Amino acid sequence: MNNEKPSFSSDELISQRVNHLLFINKLTRRKAAEDLGISHSAFNTKINGGSSWRADDMVSLTDRFGVSFDFLFGRQPIEFASPHEAEEEKENTSHASHEQ
């Protein structure tokens, strides 16, 4: 039996993980790009493999989605990810609950 894992480049793997994070968080690429502080075009280019994910991109991804670098690089199962609110959304939710 062959136990070899499929080989992906690190960029492909990160893009797969980011797509999963978008799905479970019900985010569009446009909204995710906005949350990460990059243009929609640049985000799409990275997701589609046209340019590499930079270290600062990955830091932004870990902060925004509450995942680790190990998750992004496939060292943790994809099931480790769970929906994660952006800090701005948390603040809006907190303010709304205090106003009631």
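**Lys46 and its surroundings**

Mentor: Leaving aside neighbours within four places in sequence, Lys46 is in contact (heavy atoms within 4.5 Å) with Ser15, Ile38, Ser51, Ser52, Trp53, Arg54 and Asp57. This is a predicted model, in which local features need pLDDT of at least 70 and side-chain atom pairs count only at pLDDT 80 or more, while totals for chains, interfaces and linings use all residues. Residues are numbered from 1 along each chain as its sequence is written, and side-chain values use heavy atoms, with hydrogens and water left out.

Trainee: Why does Lys46 count as buried?

Mentor: Buried means under 20% relative accessible area, exposed over 50%, and partly exposed in between, with a 1.4 Å probe and protein chains only. Lys46 has 8% relative accessibility, and therefore it counts as buried.

Trainee: How many helices and strands does the protein chain have?

Mentor: The protein chain has six helices and zero strands, where helices (H or I, at least four residues) and strands (E, at least two) are DSSP runs numbered from the N terminus. Along the sequence the pattern therefore reads α-α-α-α-α-α. Of the 100 residues of the protein chain, 29% count as buried.

Trainee: Why is the packing of α1 against α3 called oblique?

Mentor: Helix α1 (residues 10-24) and helix α3 (residues 40-47) pack at an angle of about 125°, with their axes 9 Å apart. Angles under 35 degrees count as roughly parallel, over 145 as roughly antiparallel, 65 to 115 as roughly perpendicular and the rest as oblique, so α1 is oblique to α3. The contact is made by Ser15, Val18, Asn19 and Leu22 of α1 together with Phe43, Lys46 and Ile47 of α3.

Trainee: What makes the pair of Phe43 and Trp53 edge-to-face?

Mentor: Rings of Phe, Tyr and Trp (its six-membered ring) pair if their centres lie within 6.5 Å, and planes under 30 degrees apart count as stacked, over 60 as edge-to-face and the rest as tilted. The ring centres of Phe43 and Trp53 are 6.0 Å apart and the planes stand at 80°, so the pair is edge-to-face. The structure holds one aromatic pair, and this pair links Phe43 in helix α3 with Trp53 in the loop between α3 and α4 (55-65), ten residues apart. Both Phe43 and Trp53 are buried.

Trainee: How do you know whether Lys26 and Ala81 are buried or exposed?

Mentor: Lys26 has a relative accessible area of 77% and is therefore exposed, whereas Ala81 has 11% and is buried. Lys26 lies in the loop between α1 and α2 (29-36), and its phi is near 55°, a positive value in a residue other than glycine. Ala81 lies in the loop between α5 (69-72) and α6 (87-99), and, leaving aside neighbours within four places in sequence, Ala81 is in contact with His20, Leu21, Ile24, Val67 and Phe71. The C-alpha atoms of Ala81 and Ile24 are separated by 8.3 Å, while the two residues are 57 residues apart along the chain.

Technical notes:
Axes fitted to C-alpha atoms, helices over the stretch in contact; angles between N-to-C directions.
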